[in-house]
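Good morning, and thank you for making time for this item. Please look at the sequence and the structure, and we shall then consider the core, the disulfide and a helix in turn.

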Amino acid sequence: MDKTRRKWKQPKWMAAYVPLLKNTGGTFDDPAEAMNCDARNCNLAVNAPRAALCIAVQSQVLLLQTLHDKGMLAEAARG
């Protein structure tokens with residue numbers, strides 16, 4: 001991983017949604033693991049199944065972030 005790249009940290013508001021991110025069939029208990037994948041362990045040439053799981057989690061996290069930023073998530077789930 002590029003040393004200058006900042007590691008992604010899960011925002012507090014997202015904790016309520018973490019159980020929903022486990023629908024990918026993967027074993028990620030923490031979405032930060034998928035969001036911080038690097039080229040050594042998460043690229044198609046090295047480990048295609050893991051790369052696909054990382055992409056699935058990353059897309060769901062980015063969707064949640066976008067919905068949150070636009071105020072489109074239900075208040076009850078925001079905690």
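Predicted model: local features only at pLDDT ≥ 70, side-chain atom pairs only at ≥ 80, totals over all residues.

Which residues of the largest nonpolar core touch the most other members? They are Trp8, Trp13, Met14, Cys54, Val61 and Leu64, out of 16 residues in that core. A nonpolar core here is a set of buried Ala, Val, Leu, Ile, Met, Phe, Trp, Tyr and Cys residues joined through side-chain atoms within 4.5 Å. Buried means under 20% relative accessible area, exposed over 50%, and partly exposed in between, with a 1.4 Å probe and protein chains only. Helices H1 (31-35) and H2 (48-69) each supply at least two residues of the core, and H2 gives the most, with four. Helices are DSSP runs of H or I, at least four residues, numbered from the N terminus.

Residues are numbered from 1 along each chain as its sequence is written, and side-chain values use heavy atoms, leaving out hydrogens and water.

Next, the disulfide, defined as a pair of cysteine sulfur atoms within 2.5 Å. Cys37 is joined to Cys54, S to S 2.3 Å. Cys37 lies in the loop between H1 and H2 and Cys54 in H2, so the pair ties together parts 17 residues apart in sequence.

Finally, helix H2. Its buried residues are Ala51, Cys54, Val57, Val61 and Leu64. Seen down the axis of H2, they fall within an arc of 155 degrees, so they line one face of the helix; the arc is that of the directions from the helix axis to the C-beta atoms. On the other side of H2, Pro49, Ile55 and Leu63 are exposed.
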